[in-house]
Amino acid sequence: MDLGIAGKWALVCGASKGLGFGCAQALSREGANVVLVARGAPALQQAVQRLQSEPARPKDAQVLQVAADITTPEGRAAVFALRADYDIVVTNAGGPPPGDFRDWDREAWIRALDANMLTPIELIKATVDGMAARGFGRIVNITSMAVKAPIDILGLSNGARSGLTGFVAGVARTRKLAAANVTINNLLPGAFDTDRLRATMAGAVKKTGQTMDAVAAARMNTIPANRFGTPEEFGATCAFLCSRHASYITGQNVLIDGGAYPGTH
């Protein structure tokens with residue numbers, strides 16, 4: 001299927017590894033010009049080299065990088081200094097740490113809101129009007145399945161990402177954007193084989209004394225698909241939402257979790 005995004009310019013945040021890289025990879029394979037953003041310069045350079053060496057990537061598709069913290073005004077300024085206009089924006093930032101809400105002070109909440117709510121909103125604000133003027137735009141926010149099924153120890157993430165979800169539900173349905181072929185959707189990942197999942201399981205190993213294999217097996221047992229997702233299949237879903245075929249999908253929370261969420265909506 002031709003997704004119709006060859007030659008489009010895509011900004012992918014948190015793109016040096018994990019789900020962000022999976023999205024950048026899928027978009028690049030479809031011929032989009034991709035700007036990868038991440039804080040760690042060495043890992044980002046490796047990610048760029050991986051994409052540039054991919055045989056599936058059209059050779060005229062550009063792969064650029066900005067080593068910056070997208071959650072800061074300076075980081076966003078560096079991104080828009082490289083290029084002012086983007087047709088596709090994938091927002092993504094590492095989730096805040098788990099814990100007991102009694103231990104979080106105001107600064108902890110502000111950091112969570114900055115990374116997982118206010119930064120995506122700033123990126124949306126900076127790009128949607130240009131998208132509408134050109135008659136094409138796709139924004140995909142990588143959030144979490146915890147938006148649908150909150151997890152008690154992830155209160156910072158629950159709160160910040162739910163705030164973003166509520167904002168998107170309103171702005172995505174404004175006629176000025178929806179009628180101009182600009183869509184905004186959220187992708188809600190469950191358990192994917194990423195560094196964050198492995199770090200979480202390592203914490204469980206330390207706490208319980210079980211082996212990593214035992215902890216992983218117990219986690220997989222809670223997922224009907226009986227496995228963890230891969231960044232590549234996550235990226236493929238993201239690429240579809242960014243395609244010309246998804247122009248009638250907007251304001252949605254797309255859950256991708258192997259069937260782990262037990263609800264109907």
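Is Tyr86 buried or exposed, and what is its relative accessibility? Tyr86 is buried, at 1% relative accessibility (buried is under 20% relative accessible area, exposed over 50%, partly exposed in between; 1.4 Å probe, protein chains only).

1. Basis. This is a predicted model, in which local features need pLDDT of at least 70 and side-chain atom pairs count only at pLDDT 80 or more, whereas totals for chains, interfaces and linings use all residues. Residues are numbered from 1 along each chain as its sequence is written, and side-chain values use heavy atoms, with hydrogens and water left out.

2. Aromatic pairs. The structure holds three aromatic pairs (ring centres of Phe, Tyr or the six-membered ring of Trp within 6.5 Å; planes under 30 degrees apart are stacked, over 60 edge-to-face, the rest tilted). One of them joins Phe80 and Tyr86 edge-to-face, at 6.0 Å between centres and 70° between planes. Phe80 is partly exposed, at 22% relative accessibility.

3. Phe192 and Phe234 have centres 5.3 Å apart and planes at 80°. Phe192 is buried at 4% relative accessibility, and Phe234 is buried at 0%.

4. Salt bridges. The whole structure contains 11 salt bridges (a side-chain nitrogen of Lys or Arg within 4 Å of a carboxyl oxygen of Asp or Glu). Among them, Glu232 and Arg29 meet at 2.7 Å, N to O. Glu232 is partly exposed at 43% relative accessibility, as is Arg29 at 30%.

5. Arg227 and Glu233 form a salt bridge with their closest N and O atoms 2.8 Å apart.
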